[in-house]
Amino acid sequence: MSIDMSQFHQVFFEESEEHLAAMESLLLELDIAQPDAEQLNAIFRAAHSIKGSSGTFGFTDLAEVTHILETLLDRLRKHETALRADMVDAFLEAGDVLKSMLAGHRGGPAADPQAVAAVCARLRQMTGVAAPEPSAAAPAAEAEEAGETAAVRAYDIEFVPTLHATDDPAILPRLLDELRTYGELEVVARPPEGSACAGFWHLRLRTERPQAEFGEAVDFVSESDAWRIRASVDTSFEDAGGAFGLFDAAPEGEDDSFGFFTDAPGSAPAAPADARAGAAEDEGYGFFDPVQVPDPVLPVAASGAFAVEGEGFGFFAALPEPAAAAALPVSAGEKGEEGEGFGFFAPLPAAAPEAAPEPVAPVVPADAPKRSARAAPAAAGESASIRVGVEKVDQLINLVGELVITQAMLLQCAERMQDAAPERLRQGLTQLERNTRDLQESVMSIRMLPISFVFSRFPRVVHDLSARLGKQVELKLHGETTELDKGLIERIADPLTHLIRNSLDHGIESPEARAAAGKNPVGTITLRAAHQGGNIVIEVGDDGAGLNRQRILAKARERGFQVNDQMSDQEVWALIFEAGFSTAEQVTDVSGRGVGMDVVRKNIQSMGGRVEIESLTGAGTRMTVRLPLTLAILDGMSVAVGSQTYILPLSSVIESLQPLAEDVKTLANQTRVIRVRGDYLPVIVLHEIFNIAPLAAGFTQGIMVILDADGTKAALFVDALVGQHQVVIKSLENNYRRVAGVSGATIMGDGHVALILDVPALIGMAKTAQLAA
Amino acid sequence: MANANQTAGAAQEEEQVASEYLTFTLGDEEYAIDILKVQEIRGYEPPTMIANAPPFIKGVINLRGTIVPVVDMRIKFALGKAEYTPFTVVIILNVGKRVIGMVVDSVSDVILLFPAQIRPAPDFSASFDTKYILGLVALEQRMLIVTDIAQLMTSRDMELVDEAADA
């Protein structure tokens, strides 16, 4: 049986991304002076999980970087090293590198190898610098190895040096010297003298120091994947614990899902067989957690699995309960026969302090590797959830939409029957109406995600940017649990990032300027999300300098915009959304190129939203983004023209009124205007634009709907207002083409199609029609 | 050689494979279209008008949640009278990932045609209605006009698509 590993890659990528995101947010929350042990543990676990799974799936480059990252994190969480701010930066950088490497594996551009090497070097150097004195390390190592009798252990070191290492004759002797400083070194096998040290080396080192300390040195000179360190408690077991590559000598109870094979005192007697099998299989990765309960069966099964496995990957986690251990050999044996099978043995999270202990025996059949791989993060405290394709959810939403329409149709039929409808039919229909409404609500909520998905990236943006700009900024988040449609979540991220960057760059002053103005040198950016009616409102506020009216006006004149001093503040502020407008005194790489704010507004408008600015000089600026809750449903007002019904998006309707004959005037006998509370608004006559025979004979018999699109107001003349509905937006372009003045279609309660009007386009059409007239 | 013979044989065999065609009438003319392009046939219901569309585009209907445009071929080809009775039928076509409704006078039957039966149409000028004709079939006294309906519906002439296939 052969299993295609690539089918699990997608899961791996998604999980790794989640782990990276979790790591980043945790890093940003860390209090550098007094890091919370739990947080450090969580960061370590995230790195550890990535390392484990990337090793499993053969992404050795990822595993290498995470290994180095993990080594330093491990020191931190064991309080062997104090946390410093530059470490956090290095960790964040490493996270970025890992992200780019992941993207490379997913088919994107490959990660820059120089950046990878630079981060590795930086982390290694920090690990090295942070390395405690030997005297301090020894007791620490001893403490870790509680339960073991001998602190001095023998390690078999096997490696093939890189070409680079063999080029320089001094490198290998230096390695040997270095290893001798750790303890007693014996050269078991080495290449012939004449071959310039190239070839297979086999060293044996007896030391009391943990393997992680000298493992790096061996890794440095060896071909990647071509080195191995094996350890045993005593020389009599010196072959025990054969593990390939990634190896953790610290055998304290690993609190993570992916265990690494450390030496297991209980299983030691049987382990040599395993080790030899491992040695024979150069592509076998074995990750074992310590087995605390001596169980003679397990090692046999494990070694059996390894002996037969060609490219097998075996995960054996800690088995604190004999019962679970007893069940294990069966599946392990199966795997052994399969040759290329996978055995994922889900960890018992008993050692994980924060995870709820699972009562279920964690033995998962070998044919369900995906499930057990999934179980790992679940054990790490994630709430129960399933991953479903968006298209499936969308299909569900569409189907429910159909159901709602059908239900409305039935209800209408029953109403038409009036008293003729049997009582039970009417009752059933009422029940159906309630059920479909509930169903629709719950289905819609599947697509809803808390806005924290977007907000969570901003602490990092602010952290990086404020450091680069030399500003001190605190980011405050409010209303992160506010939910909105997934489609909007994805599309709002970029505009919001830009607004925040803008606030940071233009809004918040330098600490000196703030101090001079009598403000707290630390600026504040507030990000707030809330529901307001059928909208979601997101505010980006800062307590910076505020917008400068004079400067904006001056700049606008310079850029050739039509401005005058009588413009209202609101109009002046709106200028910054014009294309090619930027008031930054100097162009930085953050902002100031004059692209951006116009794109921000365009993006938000394309989502059916709008953005407003409030600003007070010296006190700050607040940008408010208003968005509809979802892209699929629209609050609409239906209007009748002739025999047709059209839907107007409620967001663009301000009011409606029945015009008096004297309110409607003409300009140059072409443009008609209507006076609404002193203002003259252009009149758009819908039946003229759409060439429909109207029912209303004159303006006084119809209704004027005052519309607002992008700040332009106009009055739309229709025959009558019909009602207000929530409509499901359907595409007209799937089977037809774009229609001028129409943004989409929807299906009304009676099953008929109604077209949704595109208000900005209508206003534009009215303008051109009048020009042509 | 053997290979060449085989392919020649296969081609001949292919010639013998008959396809099913749906025939419908427009005025006095009888048309045949590939039945695999037909999704369903349903009765006519008044569609929702689309503003400023050409007269043969009757509008859009709701086909179980999908918005489907409806064209009246009688108006397009100026054949017969565009009357809508309870017997007026709409052929729902599935062409080029699009669903389009087509109003015709009546649907006659489904027939089996061998490629050899389809005779080339006389070469008129490249006028609209002959451009999409695959050929003519004589069936007793009837003459069937075999039409490439996919080509026709996605063409610029029909004004149904933004990016016409023959643009």
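Let me start with one pair of residues: A:Glu612 stands opposite A:Thr624 in E14 of chain A. Strands (E, at least two residues) and helices (H or I, at least four) are DSSP runs, numbered from the N terminus.

Some housekeeping. This is a predicted model, in which local features need pLDDT of at least 70 and side-chain atom pairs count only at pLDDT 80 or more, while totals for chains, interfaces and linings use all residues. Residues are numbered from 1 along each chain as its sequence is written, chains are lettered from A and ligands numbered from 1 in the order in which they are written, and side-chain values use heavy atoms, leaving out hydrogens and water.

Back to E14. Strand E13 (residues 610-616) of chain A runs antiparallel to E14(A), and seven bridges join them. Two strands count as paired if DSSP finds at least two bridges between them. In the hairpin of E13(A) and E14(A), three residues lie between the strands, and A:Gly618 takes a positive phi near 85 degrees. Strand E12 (residues 535-542) of chain A also pairs with E14(A), antiparallel, over eight bridges. There, A:Ile538 has A:Val625 as its bridge partner.

Is strand E14 of chain A largely enclosed or open? Seven of the nine residues of E14(A), residues 620-628, are buried, so the strand is largely enclosed by the rest of the structure. Buried means under 20% relative accessible area, exposed over 50%, and partly exposed in between, with a 1.4 Å probe and protein chains only.

Next, a sheet. Five strands of chain A form an open sheet in the order E23-E15-E16-E25-E24, with mixed pairing. Its edge strands, E23 (720-728) and E24 (742-747), each pair on one side only. Inside chain A, strand E16 (residues 644-649) and strand E25 (residues 753-757) pair in the parallel sense over two bridges.

A:Lys730 sits in the loop between E23 and E24 of chain A. A:Lys730 is buried, with a relative accessible area of 11%. Among the residues that A:Lys730 touches are A:Glu402, B:Gly65 and B:Ile67; contact means heavy atoms within 4.5 Å.

Last, two helices. The axes of H3 (residues 60-77) and H4 (residues 85-105) of chain A come within 10 Å and cross at roughly 160 degrees. Axes are lines fitted to C-alpha atoms, for helices over the stretch in contact, and angles run from 0 to 180 degrees between N-to-C directions. That crossing makes H3(A) roughly antiparallel to H4(A); angles under 35 degrees count as roughly parallel, over 145 as roughly antiparallel, 65 to 115 as roughly perpendicular and the rest as oblique.

Note on methods. Lists of a residue's contacts leave out its neighbours within four places in sequence.
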